[in-house]
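The following note sets out points on backbone geometry and helix packing for the attention of a colleague. Please read each point against the displayed coordinates.

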Amino acid sequence: MTEHFLEAVLPNEQPDLDPARPAELARLAEDLGYRAAWLPDHLLPPSPYGEVFGGVHEPLVTLAYIAAGTSRIRLGTSVLIVPLREPFALAKQVATLDRLSGHRFDLGVGTGWNEPEFAEVGADFGTRGKRTDATLDLLAELFRTGRGPGGGYFEPRPAGPVPVTVGGNSTAALRRAARIGTTWQSAGLSPAEFGARVAALRRLTGGRPVRAAARAQWRADARTTAADARAYRDAGADAVVVHFGGDEGTESRMAELAAAAG
């Protein structure tokens with residue numbers, strides 16, 4: 001079960017976290033058979049970093065560092081707040097990370113949910129969905145043609161489409177995943193709620209294959225968390241993405257869950 005089903009969100013909520021720590025945990029996840037390792041994203045959250053506002057170290061830079069120390073595990077953002085990013089710089093970062101990682105990068109995207117964070121960086125909250133779609137369409141065009149809207153040259157071009165994971169529970173997120181996503185990733189849903197959203201996603205895709213991943217939280221122990229993972233799988237999950245909580249003790253929780261789930 002672990003090799004192709006369980007995925008891990010790496011801890012990145014503590015300002016004093018050793019920068020090498022996420023890479024150490026990604027290597028462990030790779031050895032334990034986790035399919036992917038993910039990092040969250042926030043630029044200037046209005047409250048201290050913690051479970052809600054993860055993302056102390058910038059995820060794309062950190063994943064480039066992690067890529068150098070791993071070889072098999074997929075790497076991704078869960079999720080990058082796209083409308084807070086300049087589109088052309090983001091395209092260059094994504095394409096570079098795809099190349100550096102040996103095409104192991106999954107671009108996990110979201111529109112954001114916290115209006116004060118948008119206000120803090122001077123970004124419009126009301127148009128975030130429209131700007132997210134425009135940015136994703138631009139990335140796809142740059143990667144496909146190697147040319148900008150005005151004819152400028154774009155490199156490095158990925159060898160193929162960069163997989164896009166669309167995060168969020170809203171109907172808009174499901175529509176976005178059905179349109180351009182490789183994977184849809186939920187957030188905070190029960191297995192029953194997740195199953196209902198998967199059914200809605202399948203109605204929207206028109207037969208196009210889109211993976212369904214459930215984001216889950218470590219609970220009391222490995223046995224309980226493994227039971228949750230199996231419940232999500234039974235509800236239609238192709239993967240379960242587990243956030244293991246704070247940094248301390250993450251190794252043991254990852255290993256215990258891998259054993260319990262297997």
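1. The model under review is predicted, and the remarks below should be read accordingly.

2. The bond from Ser78 to Val79 is cis, with omega near -10°. Val79 sits in the loop that links strand S3 (74-77) to strand S4 (80-81). The bond joining Glu155 and Pro156 is likewise cis, and its omega is about 0°. Pro156 belongs to the loop between helix H5 (128-145) and strand S6 (164-167).

3. His103 has a positive phi, near 65°, although it is not a glycine. Most residues other than glycine have a negative phi. His103 is located in the loop between helix H3 (87-100) and strand S5 (105-110).

4. Helix H2 (residues 59-68) packs with H3 at an angle of about 10°, and their axes are 10 Å apart. Because angles under 35 degrees count as roughly parallel, H2 and H3 are assigned to that class. On the H2 side the contact is made by Leu60, Leu63, Ala64 and Ala67, and on the H3 side by Leu90, Gln93, Leu97 and Leu100. By class, this contact of H2 with H3 comprises seven nonpolar residues, one polar residue and no charged residues.

Terms used:
Residues numbered from 1 in each chain as written. Predicted model: local features only at pLDDT ≥ 70, side-chain atom pairs only at ≥ 80, totals over all residues. Heavy atoms only, no water. Helix = DSSP H or I, 4+ residues; strand = E, 2+ residues; numbered from the N terminus. Axes fitted to C-alpha atoms, helices over the stretch in contact; angles between N-to-C directions. Parallel < 35°, antiparallel > 145°, perpendicular 65-115°, else oblique. Contact = heavy atoms within 4.5 Å. Nonpolar A, V, L, I, M, F, W, Y, C, P; charged D, E, K, R; others polar.
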